Amino acid sequence: MTIADIFVGACFILGAFGAFFTAFHPNILYAAISLILSLLSVAGLYGALGADFLAAAQLIIYIGGILIVILFAVMMSEDIYKKRFFEGAKKYIWPTIFSGIVFVTLTRVMMQVDWSNGSTPDFEPTSRAMGWALVGPYAVTFQYVAIILLFGLIGAVIIARPAIKMKQRAAEIAVEDNTEEKDA
Amino acid sequence: MMNLASNLPAFLAFSFLLFSFGIVAALSRKSAIGVFMGVELMLNAAALNFVAFQTLRRGVVENGHWLHGHIFSLFVIILAAIEAAVALAIVLRIFGNRQTIDMDRATELKG
(Lines give C-alpha, C1' and ligand atoms only; values in the text may rest on other atoms or scores of the structure.)
Protein backbone atom coordinates (compact mmCIF):
# COMPACT_ATOMS: atom_id res chain seq x y z
CA MET A 1 0.00 0.00 0.00
CA THR A 2 2.03 2.92 -1.24
CA ILE A 3 1.09 6.59 -1.18
CA ALA A 4 0.03 6.35 -4.85
CA ASP A 5 -2.42 3.58 -4.01
CA ILE A 6 -3.94 5.65 -1.23
CA PHE A 7 -4.24 8.65 -3.56
CA VAL A 8 -5.88 6.58 -6.29
CA GLY A 9 -8.27 4.99 -3.81
CA ALA A 10 -9.24 8.40 -2.42
CA CYS A 11 -9.88 9.60 -5.99
CA PHE A 12 -12.06 6.55 -6.66
CA ILE A 13 -14.15 7.11 -3.55
CA LEU A 14 -14.53 10.87 -3.99
CA GLY A 15 -15.32 10.49 -7.68
CA ALA A 16 -17.93 7.85 -7.03
CA PHE A 17 -19.58 10.01 -4.38
CA GLY A 18 -19.53 13.03 -6.67
CA ALA A 19 -21.04 11.07 -9.53
CA PHE A 20 -23.72 9.66 -7.25
CA PHE A 21 -24.79 13.09 -6.05
CA THR A 22 -24.58 14.46 -9.58
CA ALA A 23 -27.11 11.87 -10.63
CA PHE A 24 -29.38 11.82 -7.60
CA HIS A 25 -29.27 15.13 -5.75
CA PRO A 26 -32.52 17.01 -6.40
CA ASN A 27 -30.90 20.42 -5.95
CA ILE A 28 -29.22 21.23 -9.26
CA LEU A 29 -26.70 23.55 -7.57
CA TYR A 30 -25.38 20.81 -5.28
CA ALA A 31 -25.37 18.41 -8.21
CA ALA A 32 -23.09 20.81 -10.11
CA ILE A 33 -20.75 21.12 -7.13
CA SER A 34 -20.65 17.31 -6.85
CA LEU A 35 -19.79 17.23 -10.55
CA ILE A 36 -16.77 19.43 -9.76
CA LEU A 37 -15.69 16.86 -7.16
CA SER A 38 -16.07 14.05 -9.68
CA LEU A 39 -14.13 15.85 -12.41
CA LEU A 40 -11.40 16.81 -9.93
CA SER A 41 -10.97 13.17 -9.01
CA VAL A 42 -10.73 12.27 -12.69
CA ALA A 43 -7.99 14.89 -13.00
CA GLY A 44 -6.24 13.29 -10.03
CA LEU A 45 -6.46 9.90 -11.73
CA TYR A 46 -4.91 11.39 -14.88
CA GLY A 47 -2.07 12.57 -12.68
CA ALA A 48 -1.75 9.13 -11.08
CA LEU A 49 -1.58 7.58 -14.55
CA GLY A 50 1.30 9.86 -15.53
CA ALA A 51 -0.74 12.10 -17.86
CA ASP A 52 0.37 15.44 -16.44
CA PHE A 53 -0.71 17.53 -19.44
CA LEU A 54 -4.18 15.99 -19.43
CA ALA A 55 -4.56 16.56 -15.70
CA ALA A 56 -3.79 20.25 -16.16
CA ALA A 57 -6.10 20.51 -19.18
CA GLN A 58 -8.88 18.79 -17.28
CA LEU A 59 -8.51 21.21 -14.38
CA ILE A 60 -8.42 24.33 -16.54
CA ILE A 61 -11.19 23.43 -18.99
CA TYR A 62 -13.63 21.74 -16.67
CA ILE A 63 -13.39 23.99 -13.65
CA GLY A 64 -14.12 27.03 -15.84
CA GLY A 65 -16.84 25.18 -17.70
CA ILE A 66 -18.54 23.92 -14.57
CA LEU A 67 -18.45 27.37 -13.02
CA ILE A 68 -20.44 28.60 -16.01
CA VAL A 69 -22.80 25.65 -15.67
CA ILE A 70 -23.35 26.56 -12.02
CA LEU A 71 -24.05 30.13 -13.09
CA PHE A 72 -26.62 28.91 -15.60
CA ALA A 73 -28.18 26.57 -13.07
CA VAL A 74 -28.59 29.35 -10.53
CA MET A 75 -29.91 31.79 -13.11
CA MET A 76 -32.44 29.54 -14.77
CA SER A 77 -33.78 27.17 -12.15
CA GLU A 78 -36.82 28.20 -10.22
CA ASP A 79 -37.00 27.49 -6.46
CA ILE A 80 -33.88 25.31 -6.32
CA TYR A 81 -33.91 25.27 -2.53
CA LYS A 82 -37.43 23.97 -2.05
CA LYS A 83 -36.88 20.38 -3.13
CA ARG A 84 -36.14 17.54 -0.73
CA PHE A 85 -34.05 14.46 -1.22
CA PHE A 86 -35.78 11.83 -3.39
CA GLU A 87 -38.88 13.94 -3.72
CA GLY A 88 -39.36 12.93 -7.34
CA ALA A 89 -37.96 9.44 -6.90
CA LYS A 90 -40.36 7.88 -9.37
CA LYS A 91 -38.66 9.26 -12.45
CA TYR A 92 -35.37 7.69 -11.34
CA ILE A 93 -36.56 4.09 -11.35
CA TRP A 94 -36.22 3.09 -15.00
CA PRO A 95 -32.98 5.01 -15.70
CA THR A 96 -31.41 3.46 -12.60
CA ILE A 97 -32.41 -0.04 -13.66
CA PHE A 98 -31.12 0.59 -17.18
CA SER A 99 -27.79 1.98 -16.03
CA GLY A 100 -27.46 -0.85 -13.52
CA ILE A 101 -27.84 -3.32 -16.39
CA VAL A 102 -25.19 -1.41 -18.35
CA PHE A 103 -22.83 -1.43 -15.37
CA VAL A 104 -23.28 -5.13 -14.67
CA THR A 105 -22.81 -6.02 -18.34
CA LEU A 106 -19.62 -3.98 -18.66
CA THR A 107 -18.23 -5.40 -15.43
CA ARG A 108 -18.98 -8.98 -16.47
CA VAL A 109 -17.27 -8.43 -19.82
CA MET A 110 -14.29 -6.97 -17.97
CA MET A 111 -14.14 -9.99 -15.66
CA GLN A 112 -13.83 -12.36 -18.60
CA VAL A 113 -10.51 -10.87 -19.71
CA ASP A 114 -7.16 -11.78 -18.21
CA TRP A 115 -5.59 -8.49 -17.14
CA SER A 116 -2.50 -9.98 -15.53
CA ASN A 117 0.35 -8.86 -17.82
CA GLY A 118 0.03 -5.10 -17.70
CA SER A 119 2.50 -2.28 -17.22
CA THR A 120 2.97 0.30 -14.50
CA PRO A 121 2.71 4.06 -15.07
CA ASP A 122 5.95 5.92 -15.64
CA PHE A 123 6.12 9.57 -14.71
CA GLU A 124 8.03 11.26 -17.46
CA PRO A 125 6.69 14.59 -18.77
CA THR A 126 4.30 14.21 -21.68
CA SER A 127 3.68 17.77 -22.88
CA ARG A 128 6.59 17.95 -25.34
CA ALA A 129 5.74 14.59 -26.86
CA MET A 130 2.07 15.54 -27.10
CA GLY A 131 2.98 18.75 -28.89
CA TRP A 132 5.07 16.85 -31.43
CA ALA A 133 2.32 14.29 -31.88
CA LEU A 134 -0.27 17.00 -32.52
CA VAL A 135 1.78 18.53 -35.34
CA GLY A 136 3.11 15.17 -36.56
CA PRO A 137 0.96 12.05 -36.89
CA TYR A 138 -2.18 13.78 -35.64
CA ALA A 139 -1.93 17.05 -37.58
CA VAL A 140 -4.96 16.36 -39.78
CA THR A 141 -7.10 15.33 -36.80
CA PHE A 142 -5.95 18.40 -34.93
CA GLN A 143 -7.01 20.70 -37.77
CA TYR A 144 -10.29 18.83 -38.10
CA VAL A 145 -11.04 19.31 -34.41
CA ALA A 146 -10.12 22.98 -34.72
CA ILE A 147 -12.61 23.40 -37.58
CA ILE A 148 -15.29 21.57 -35.61
CA LEU A 149 -14.60 23.89 -32.67
CA LEU A 150 -14.91 26.95 -34.92
CA PHE A 151 -18.18 25.81 -36.45
CA GLY A 152 -19.52 24.73 -33.09
CA LEU A 153 -18.83 28.14 -31.60
CA ILE A 154 -20.38 29.91 -34.59
CA GLY A 155 -23.42 27.66 -34.27
CA ALA A 156 -23.62 28.36 -30.56
CA VAL A 157 -23.56 32.11 -31.19
CA ILE A 158 -26.27 31.80 -33.84
CA ILE A 159 -28.46 29.66 -31.59
CA ALA A 160 -28.02 31.82 -28.51
CA ARG A 161 -28.65 35.13 -30.28
CA PRO A 162 -32.04 36.65 -29.48
CA ALA A 163 -34.57 35.85 -32.15
CA ILE A 164 -35.64 38.52 -34.60
CA LYS A 165 -39.36 38.03 -34.80
CA MET A 166 -39.77 38.00 -38.54
CA LYS A 167 -43.51 38.58 -38.83
CA GLN A 168 -43.45 41.34 -36.25
CA ARG A 169 -40.53 43.02 -38.00
CA ALA A 170 -42.28 42.70 -41.36
CA ALA A 171 -45.40 44.30 -39.90
CA GLU A 172 -43.31 47.17 -38.52
CA ILE A 173 -41.70 47.68 -41.90
CA ALA A 174 -45.11 47.67 -43.59
CA VAL A 175 -46.40 50.26 -41.12
CA GLU A 176 -43.35 52.45 -41.73
CA ASP A 177 -43.86 52.17 -45.49
CA ASN A 178 -47.52 53.14 -45.19
CA THR A 179 -46.78 56.20 -43.08
CA GLU A 180 -44.10 57.27 -45.55
CA GLU A 181 -46.58 56.94 -48.45
CA LYS A 182 -49.19 58.96 -46.58
CA ASP A 183 -46.65 61.62 -45.78
CA ALA A 184 -45.71 61.78 -49.47
CA MET B 1 -6.66 -4.28 -3.88
CA MET B 2 -3.16 -3.75 -2.57
CA ASN B 3 -1.83 -2.60 -5.91
CA LEU B 4 -4.43 0.02 -6.79
CA ALA B 5 -2.35 2.52 -8.74
CA SER B 6 -1.47 0.08 -11.54
CA ASN B 7 -4.64 -1.96 -11.43
CA LEU B 8 -6.50 -1.62 -14.72
CA PRO B 9 -9.73 -3.38 -13.63
CA ALA B 10 -10.10 -0.91 -10.76
CA PHE B 11 -9.82 2.03 -13.16
CA LEU B 12 -12.26 0.35 -15.55
CA ALA B 13 -14.76 -0.31 -12.77
CA PHE B 14 -14.52 3.32 -11.66
CA SER B 15 -15.14 4.58 -15.16
CA PHE B 16 -18.07 2.16 -15.57
CA LEU B 17 -19.49 3.60 -12.36
CA LEU B 18 -19.07 7.14 -13.64
CA PHE B 19 -20.68 6.14 -16.93
CA SER B 20 -23.65 4.53 -15.19
CA PHE B 21 -24.29 7.56 -13.01
CA GLY B 22 -23.97 9.72 -16.11
CA ILE B 23 -26.67 7.64 -17.80
CA VAL B 24 -28.91 8.08 -14.76
CA ALA B 25 -28.36 11.84 -14.72
CA ALA B 26 -28.88 12.23 -18.47
CA LEU B 27 -32.05 10.16 -18.54
CA SER B 28 -33.81 11.18 -15.37
CA ARG B 29 -32.98 14.85 -14.78
CA LYS B 30 -35.78 17.21 -15.66
CA SER B 31 -33.64 20.30 -16.05
CA ALA B 32 -31.54 20.65 -19.17
CA ILE B 33 -28.48 21.56 -17.10
CA GLY B 34 -28.77 18.22 -15.31
CA VAL B 35 -28.89 16.32 -18.59
CA PHE B 36 -25.82 18.23 -19.72
CA MET B 37 -23.97 17.29 -16.54
CA GLY B 38 -24.79 13.64 -17.13
CA VAL B 39 -23.32 13.81 -20.62
CA GLU B 40 -20.17 15.44 -19.22
CA LEU B 41 -19.83 12.60 -16.74
CA MET B 42 -20.11 9.98 -19.48
CA LEU B 43 -17.51 11.73 -21.65
CA ASN B 44 -15.12 11.89 -18.70
CA ALA B 45 -15.52 8.18 -18.06
CA ALA B 46 -14.65 7.38 -21.67
CA ALA B 47 -11.62 9.70 -21.66
CA LEU B 48 -10.33 8.15 -18.44
CA ASN B 49 -10.58 4.73 -20.07
CA PHE B 50 -8.37 5.83 -22.95
CA VAL B 51 -5.60 7.00 -20.63
CA ALA B 52 -5.89 3.97 -18.36
CA PHE B 53 -5.54 1.55 -21.25
CA GLN B 54 -2.65 3.53 -22.70
CA THR B 55 -0.72 3.63 -19.45
CA LEU B 56 -1.46 0.25 -17.93
CA ARG B 57 -1.43 -1.93 -21.07
CA ARG B 58 1.56 -0.30 -22.72
CA GLY B 59 3.68 -3.42 -22.89
CA VAL B 60 0.86 -5.49 -24.35
CA VAL B 61 -0.11 -3.35 -27.33
CA GLU B 62 3.17 -2.08 -28.70
CA ASN B 63 2.57 -0.29 -31.97
CA GLY B 64 2.32 3.32 -32.97
CA HIS B 65 2.86 6.37 -30.84
CA TRP B 66 3.41 6.05 -27.10
CA LEU B 67 0.74 8.68 -26.37
CA HIS B 68 -2.24 7.45 -28.41
CA GLY B 69 -4.55 7.33 -25.42
CA HIS B 70 -3.51 10.73 -24.11
CA ILE B 71 -4.20 12.36 -27.46
CA PHE B 72 -7.58 10.70 -27.83
CA SER B 73 -8.46 11.93 -24.35
CA LEU B 74 -7.38 15.42 -25.34
CA PHE B 75 -9.71 15.27 -28.34
CA VAL B 76 -12.52 14.04 -26.10
CA ILE B 77 -11.95 17.03 -23.81
CA ILE B 78 -12.03 19.41 -26.79
CA LEU B 79 -15.24 17.84 -28.09
CA ALA B 80 -16.74 18.12 -24.61
CA ALA B 81 -15.94 21.83 -24.67
CA ILE B 82 -17.69 22.23 -28.04
CA GLU B 83 -20.63 20.24 -26.75
CA ALA B 84 -20.79 22.49 -23.69
CA ALA B 85 -20.90 25.62 -25.85
CA VAL B 86 -23.68 24.32 -28.08
CA ALA B 87 -25.64 22.80 -25.20
CA LEU B 88 -25.55 25.99 -23.17
CA ALA B 89 -26.63 27.95 -26.23
CA ILE B 90 -29.60 25.62 -26.68
CA VAL B 91 -30.41 25.92 -22.98
CA LEU B 92 -30.35 29.71 -23.28
CA ARG B 93 -32.66 29.46 -26.29
CA ILE B 94 -35.16 27.20 -24.51
CA PHE B 95 -35.09 29.51 -21.52
CA GLY B 96 -35.61 32.57 -23.71
CA ASN B 97 -38.59 30.98 -25.39
CA ARG B 98 -40.46 29.60 -22.40
CA GLN B 99 -38.86 30.93 -19.18
CA THR B 100 -37.94 27.44 -17.98
CA ILE B 101 -35.33 24.77 -18.72
CA ASP B 102 -37.60 21.83 -17.97
CA MET B 103 -36.89 19.26 -20.68
CA ASP B 104 -40.36 17.73 -20.41
CA ARG B 105 -41.93 20.92 -21.70
CA ALA B 106 -39.77 21.40 -24.80
CA THR B 107 -41.85 19.20 -27.07
CA GLU B 108 -41.97 21.05 -30.38
CA LEU B 109 -39.98 18.33 -32.16
CA LYS B 110 -42.14 15.52 -30.88
CA GLY B 111 -43.55 13.48 -33.75
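Helices and strands are taken here as DSSP runs, with helices of at least four residues and strands of at least two, numbered from the N terminus. In the predicted model, the elements of chain B follow the order α-α-α from the N terminus on, giving three helices and zero strands. The radius of gyration of chain B is 18 Å, well over the 13 Å that the globule rule gives for 111 residues, and the chain is therefore more spread out than a compact globule. The C-alpha trace of chain B spans about 55 × 30 × 25 Å along its principal axes.

Of the 111 residues of chain B, 57% count as buried. The chain exposes about 4,600 Å², of which carbon and sulfur atoms supply 66%. Among contacts in chain B between residues at least 6 apart in sequence, 54% join residues at least 24 apart.

Helix α2 of chain B comprises residues 32-56. F50(B), which lies in helix α2 of chain B, is partly exposed, with a relative accessible area of 35%.

Aromatic pairing was examined next. A search of the whole structure finds 11 aromatic pairs over all chains. In one of these, the ring centres of Y138(A) and F72(B) lie 6.5 Å apart and the ring planes meet at 85°; because planes over 60 degrees apart count as edge-to-face, the pair is assigned to that class. Y138(A) is located in the loop between α5 (127-135) and α6 (139-160) of chain A, whereas F72(B) belongs to helix α3 (residues 68-98) of chain B, so the pair joins two chains. The two partners fall into separate accessibility classes: Y138(A) counts as buried at 9% relative accessibility, and F72(B) counts as partly exposed at 40%.

F72(B) also pairs with F50(B): the ring centres are 5.4 Å apart and the planes lie at 20°, so this pair is stacked. Since F50(B) lies in helix α2 and F72(B) in helix α3 of chain B, the pair ties together parts that are 22 residues apart in sequence. F72(B) thus takes part in an edge-to-face pair with Y138(A) and in a stacked pair with F50(B).

Elsewhere, one aromatic cluster is formed by F20(A), F21(A), F24(A), Y92(A) and F21(B).

Methods
Residues are numbered from 1 along each chain as its sequence is written. Chains are lettered from A and ligands numbered from 1 in the order in which they are written. This is a predicted model: local features need pLDDT of at least 70, side-chain atom pairs count only at pLDDT 80 or more; totals for chains, interfaces and linings use all residues. Side-chain values use heavy atoms; hydrogens and water are left out. The expected span of a helix is 1.5 Å times one less than its number of residues. Rings of Phe, Tyr and Trp (its six-membered ring) pair if their centres lie within 6.5 Å; planes under 30 degrees apart count as stacked, over 60 as edge-to-face and the rest as tilted. Buried means under 20% relative accessible area, exposed over 50%, partly exposed in between (1.4 Å probe, protein chains only). The radius of gyration is taken over C-alpha atoms; the globule rule is 2.2 Å times the number of residues to the power 0.38. Contact means heavy atoms within 4.5 Å. Accessible areas come from the Shrake-Rupley method with a 1.4 Å probe; for residues, only the protein chains shown count as cover.
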